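Biologist: Got the file open. Can you walk me through the fold, starting with a sheet?

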Amino acid sequence: QQRVFGAEVDMRVKAGDSITLYCDCVIPLGSLIVWLRNCSHEHQPSLFIDSTKIFKEKFPRFSFVLNGSRNSYDLHITNVSVSDEGIYYCAKTVKKISKDVNGIINNQFEYEYGNKTTRLSVLGEKTFSLLFMLICFVLTNPLLLFSLYF
C-alpha cells in the first residue's frame with residue numbers, strides 16, 4: 001500500500017444521490033486509469049476498479065466519465081449508499097517492459113497515483129433529518145441566529 005499525498009476533498013451526499021469523483025491523473029497514450037477505495041470500516045473491503053471491470057458490468061452503479069479537459073476518467077457513482085463510503089483515489093497504470101537474466105521479456109504494470117483523494121461520506125436518513133431540523137431551528141429563531149453570528 002502506498003500513501004497518496006496531497007489535497008483531500010471531503011464530499012458528503014445523501015443516500016440515493018449520484019456523485020462524480022474527479023481524477024487528477026493525466027493519461028498518456030498506452031496508460032489506463034484505475035480507481036481505488038480504502039475503507040474505514042473493518043467489514044468493508046477495499047475496492048479496485050479498472051476499465052475491464054466497468055465494461056464487464058461488475059460494478060453496475062459505477063461508471064467512468066471521460067474528462068476531455070484533463071484527458072482522464074472521472075468516477076460516477078449512482079444511487080450512493082453507506083457501503084460506498086471510504087477514501088477514493090485514482091491512479092494511472094504505466095507499463096514497464098523488462099528482460100530477465102534469460103532474456104525473456106516481462107510486462108509489468110506500475111501505478112502512479114494522483115495528488116488528490118476524496119473522502120466520501122453518506123448521510124443516512126436519520127443524520128440528514130437531524131441536520132435539517134437543526135438548520136430549520138436556527139433559521140426560525142432569529143435571536144439564536146444572531147448570537148451564533150456574533
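Modeller: Three strands form an open, antiparallel sheet, in the order E2-E6-E5. Strand E2 (19-21) and strand E5 (62-67) are the edge strands, each pairing on one side only. Neighbouring strands of this sheet are turned by 35 degrees against each other on average, direction ignored. Two strands pair if DSSP finds at least two bridges between them. Strands (E, at least two residues) are DSSP runs, numbered from the N terminus. The angle is taken between axes, lines fitted to C-alpha atoms; angles run from 0 to 180 degrees between N-to-C directions.

Biologist: What kind of model is this, and how are residues numbered?

Modeller: It is a predicted model: local features need pLDDT of at least 70, side-chain atom pairs count only at pLDDT 80 or more, and totals for chains, interfaces and linings use all residues. Residues are numbered from 1 along each chain as its sequence is written, and side-chain values use heavy atoms, with hydrogens and water left out.

Biologist: How many bridges join E2 to E6?

Modeller: Three, and the two strands run antiparallel. Ile 19 stands opposite Ile 77 in E6.

Biologist: Which residues touch the most other members of the largest nonpolar core?

Modeller: Trp 35, Ile 49, Phe 62, Leu 75, Ile 77 and Tyr 88, out of 21 residues in that core. At least two core residues each come from E2, strand E3 (33-38), strand E4 (47-50), E5, E6, E7 and strand E9 (117-123). A nonpolar core is a set of buried Ala, Val, Leu, Ile, Met, Phe, Trp, Tyr and Cys residues joined through side-chain atoms within 4.5 Å. Buried means under 20% relative accessible area, exposed over 50%, partly exposed in between (1.4 Å probe, protein chains only).

Biologist: What is Ile 49 in contact with, beyond its neighbours within four places in sequence?

Modeller: Ile 33, Val 34, Trp 35, Ile 54, Phe 59, Phe 62, Phe 64 and Leu 75. Contact means heavy atoms within 4.5 Å.

Biologist: New topic. Which residues form the disulfide?

Modeller: Cys 23 and Cys 90, with sulfur atoms 2.2 Å apart. A disulfide is a pair of cysteine sulfur atoms within 2.5 Å. The structure holds one. The pair links distant parts of the chain: Cys 23 sits in the loop between E2 and E3, Cys 90 in strand E7, 67 residues apart. The link is right-handed, with 90 degrees about the S-S bond.

Biologist: Is Cys 23 buried or exposed?

Modeller: Buried, at 0% relative accessible area. Cys 90 is buried too, at 1%.

Biologist: How many aromatic pairs?

Modeller: Three. One of them is Phe 48 with Tyr 111, edge-to-face at 5.8 Å centre to centre and 75 degrees between the planes. Rings of Phe, Tyr and Trp (its six-membered ring) pair if their centres lie within 6.5 Å; planes under 30 degrees apart count as stacked, over 60 as edge-to-face and the rest as tilted. Phe 48 is in strand E4 and Tyr 111 in strand E8 (residues 105-113), 63 residues apart. Phe 48 is partly exposed at 27%, and Tyr 111 is partly exposed at 33%.

Biologist: Last one. What is the phi of Asn 79?

Modeller: Positive, about 50 degrees, although Asn 79 is not a glycine. Most residues other than glycine have a negative phi. Asn 79 lies in the loop between strand E6 (72-77) and strand E7 (86-99). Asn 79 is partly exposed, at 45% relative accessibility.

Definitions and conventions. Helix = DSSP H or I, 4+ residues; strand = E, 2+ residues; numbered from the N terminus.
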